[in-house]
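Please look at the sequence and the structure before reading on.

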Amino acid sequence: MGMIGYIREEIEIIRERDPAIKTPLEVFLYPSFKAILKYRIAHKLYMRQHYFLARWISQRTARKTGIEIHPGATIGRGLFIDHGHGVIIGETAVVGNNVTLFQGVTLGGNGKEKGKRHPTIGDNVMISAGAKVLGSFKIGENSKIGAGSVVLSEVPPNSTVVGVPGRVVKRDNVRVPQADMEQINLPDPVLNDIQQLKKEIEILKEKIGGLNV
Ligand SMILES: CC(C)(COP(=O)(O)OP(=O)(O)OC[C@H]1O[C@@H](n2cnc3c(N)ncnc32)[C@H](O)[C@@H]1OP(=O)(O)O)[C@@H](O)C(=O)NCCC(=O)NCCS
């Protein structure tokens with residue numbers, strides 16, 4: 001796609017997803033516009049093994065926009081990064097089509113994996129402000145990650161995930177019951193055994209008392 005086509009597409013994406021935009025010209029003021037354009041150039045250089053130049057563009061863009069996209073990341077069409085500051089997309093991250101990220105999102109590693117160590121984000125996923133997605137798992141298409149969540153494992157499609165660590169609270173727009181996740185009143189087999197033994201001791205005491213020895 002040529003530059004004009006890219007600008008047209010960006011205007012459409014931003015108009016569709018940010019109610020704050022009033023005139024098409026404002027698209028040039030969005031850090032997302034600048035960061036994704038520079039990423040596309042850096043990614044081409046990275047694929048041709050011009051690693052230094054690719055990183056140079058990526059780091060310079062990060063200083064200017066607050067959005068750091070590693071040139072090795074694979075990004076589909078229609079990515080929109082709203083506000084942008086503090087967004088990090090790691091080297092082995094894969095981002096599908098029509099994904100929306102807000103400020104402060106990290107698509108990062110958990111420090112324990114080698115090779116593919118960043119997440120794969122499905123089509124139409126929204127990742128809210130400040131959310132951290134850490135590891136090489138997949139976020140299923142059409143899912144939403146709540147603000148401030150820390151997601152450490154695979155998310156099925158069409159889910160809403162919130163909290164630290166992230167847990168699925170909705171699937172296919174239906175609330176997922178949380179009762180089976182209750183951690184406070186768990187059964188205690190040791191306590192049960194002790195209570196059973198106490199009962200048996202009481203019975204034995206009564207029997208011994210009844211012998212009159
Ligand atoms: C997660 C989110 C996308 C809503 O998704 P949704 O599928 O419509 O989910 P709901 O609003 O029905 O919430 C489902 C449950 O998760 C809870 N929840 C929602 N967002 C949460 C969050 N960020 N952290 C913790 N819990 C959250 C709700 O209270 C609700 O709990 P309940 O079932 O006990 O009432 C939204 O809450 C969110 O986080 N938006 C942030 C968008 C953003 O980044 N804006 C920044 C603009 S600058």
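Of the 213 residues in this predicted model, 38% count as buried. The accessible surface comes to about 12900 Å², and carbon and sulfur atoms hold 58% of that area.

The overall dimensions come next. The C-alpha trace spans about 105 × 40 × 25 Å along its principal axes. A compact globule of 213 residues would have a radius of gyration near 17 Å, whereas the protein has 26 Å. Its secondary structure consists of four helices and 16 strands. Among contacts with a separation of 6 or more, 30% join residues 24 or more positions apart. As for charge, there are 29 positive and 21 negative side chains, and the centres of these two sets lie 10 Å apart.

Some details of the backbone remain. Most peptide bonds are trans, and most residues other than glycine have a negative phi. The bond from Val164 to Pro165 is cis, with omega near -10 degrees. Pro165 sits in the loop between strand E14 (159-162) and strand E15 (167-171).

Which loop holds His83? His83 lies between strand E3 (80-81) and strand E4 (87-89). Its phi is positive, near 65 degrees, in a residue other than glycine. His83 counts as partly exposed because its relative accessibility is 48%, which falls between the cut-offs of 20% and 50%.

Asn142 is not a glycine either, yet has a positive phi of about 65 degrees. Asn142 belongs to the loop between strand E11 (138-139) and strand E12 (144-145). With a relative accessible area of 36%, Asn142 is partly exposed.

Terms used: Residues are numbered from 1 along each chain as its sequence is written. This is a predicted model: local features need pLDDT of at least 70, side-chain atom pairs count only at pLDDT 80 or more; totals for chains, interfaces and linings use all residues. Side-chain values use heavy atoms; hydrogens and water are left out. Helices (H or I, at least four residues) and strands (E, at least two) are DSSP runs, numbered from the N terminus. Buried means under 20% relative accessible area, exposed over 50%, partly exposed in between (1.4 Å probe, protein chains only). The radius of gyration is taken over C-alpha atoms; the globule rule is 2.2 Å times the number of residues to the power 0.38. Contact means heavy atoms within 4.5 Å. Accessible areas come from the Shrake-Rupley method with a 1.4 Å probe; for residues, only the protein chains shown count as cover. Lys and Arg count as positive and Asp and Glu as negative; His and the chain ends are not counted. The place of a charge is taken as NZ of Lys, CZ of Arg, CG of Asp or CD of Glu.
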